[in-house]
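Visitor: Hi! I'm new to looking at protein structures. Could we go through one together?
Guide: Happy to, let's bring it up.

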Amino acid sequence: MTSIKDAIKNFETKTNQVATECEKVLLYGQLPPIMKMDSSLGTLKACKHLALSSNSIEKISGLKGLDSLEVLSIGRNQIKKLEGLEDVSATLKELWMSYNLIEKFNGIEKLTNLTVLYFSNNLIAKWVEVDRLRELVKLEELLFVGNPLFEAHKPTEDFRINVAGRLPWLKKLDGQPVDDDERERGKALVG
Amino acid sequence: EEVERDLEAAKPALVEAEAALNAIRPEDIKSLKAYKNPPVVIKIIFDGVLLLRRRPVLKCQMVEEKSTLCYKDNYSVSVTMMNESSFLSDLQNFAKESITDEDIELLSPYVENPLFTTEAASKASGLAVGLCKWVKAMFTYHCIAKVVIPKMD
């Protein structure tokens, strides 16, 4: 496996930059994959966009010290829980974590500044989980395709309307703009 | 005007991708299906298609194929996708405006693979060339549109 330290070194060699000074630190797709996040991430003081996608990380941790982090990209890993995000909740605007193993949105309510949530191909199966997103009043964009809840409603428009009813402030769902008609019908459906 | 000119920059790639998709014939799909274990370039290209379409893919498991490090492929899922009668028209009608920065990042390890070239694809099959060009064009389109479209507002 590749350690965070080695991945940072790889990034510096590839881009000829100093990682601690970079706003965008790209550690995605390491071969062999990164399996563990650790506190060496905390040295990335200037980092606004941390890319850790396409690795084999099982747990979110080590984010303490990333005081400027706005975009956390951690898609296509093996993450089961939304945890370890408290340290960046004040600054985090976008969470990209499609292709993980998350069944529940527990913990997402702390990310009150979130505007973008990419969450395709996870394991969300129940509407009560989507209801937890009601805490995220700044959320503009949600990607949810490929979750069991989406698949269950796929043959009908029911899914979009349901989401629009629950999160009427949402601007975009699965890449398509949400319109007022969907919000109205959703409101009637959800009550 | 500036916006239009910038979007023009994406056009050649899109035109080429469209032509490449139109050039794919049912026989190409048939001949590809004959491979039990297709060349690694084909697997890489198909995984790129799966990711752009947000289809399920396996976790990142490193394998070495012909001394190239890559991920364990999803080719059996790709074959299922190829068997869908709307396979080619789905690609032709693909909503490229809905591609996200995350899609692009997930695609990046594939596009950056040294085997991901039209040249390598052309040694494998005509279908692979078409799909390779399509994936590249979607990548290019998003990267250009992302800079250009905010200027439209």
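Visitor: How much area is buried between chain A and chain B?
Guide: In this predicted model, about 2200 Å² is buried between chain A and chain B. Carbon and sulfur atoms give 56% of that area.

Visitor: Why talk about area here?
Guide: The size of an interface is often given as the accessible area lost when the parts come together.

Visitor: OK, and how many residues does the contact take from each chain?
Guide: Chain A brings 30 residues to the contact, and chain B brings 25 residues.

Visitor: Let me switch to His49(A). Where is that?
Guide: His49(A) sits in strand β2 of chain A, which covers residues 49-51.

Visitor: Is His49(A) buried or exposed?
Guide: Buried, because its relative accessibility is 11%, and the cut-off for buried is under 20%.

Visitor: What does His49(A) touch?
Guide: Leaving out residues up to four places away in sequence, its contacts include Glu23(A), Val71(A) and Trp96(A). Glu105(B), from the partner chain, is also among them.

Visitor: And Lys104(A), where is that one?
Guide: Lys104(A) is in a loop of chain A, between β4 (94-96) and β5 (116-118). Its relative accessibility is 47%, so Lys104(A) counts as partly exposed.

Visitor: Which residues is Lys104(A) in contact with?
Guide: Setting aside neighbours within four places in sequence, Lys104(A) is in contact with Leu82(A), Ile124(A) and Glu129(A). As for Trp127(A), it lies 23 residues from Lys104(A) in sequence and 10 Å away in space, C-alpha to C-alpha.

Visitor: New topic: how many helices and strands does chain B have?
Guide: Chain B has 9 helices and 2 strands. Along the sequence, the order is α-α-α-α-β-β-α-α-α-α-α.

Visitor: Why call chain B compact?
Guide: Its radius of gyration is 16 Å, close to the 15 Å that the globule rule gives for 153 residues, so chain B is as compact as a globular protein of that length. Along its principal axes, the C-alpha trace spans about 50 × 30 × 25 Å.

Visitor: What share of chain B counts as buried?
Guide: Of its 153 residues, 50% count as buried. Chain B exposes about 7700 Å², with 53% of that supplied by carbon and sulfur atoms.

Key: Residues numbered from 1 in each chain as written. Chains lettered and ligands numbered in written order. Predicted model: local features only at pLDDT ≥ 70, side-chain atom pairs only at ≥ 80, totals over all residues. Heavy atoms only, no water. Helix = DSSP H or I, 4+ residues; strand = E, 2+ residues; numbered from the N terminus. Rg over C-alpha atoms; globule rule 2.2 N^0.38 Å. Buried < 20%, exposed > 50% of the residue type's maximum accessible area, 1.4 Å probe, protein only. Areas by Shrake-Rupley, 256 points an atom, 1.4 Å probe, with all protein chains shown as cover. Contact = heavy atoms within 4.5 Å. Buried area = accessible area lost by both parts, 1.4 Å probe.
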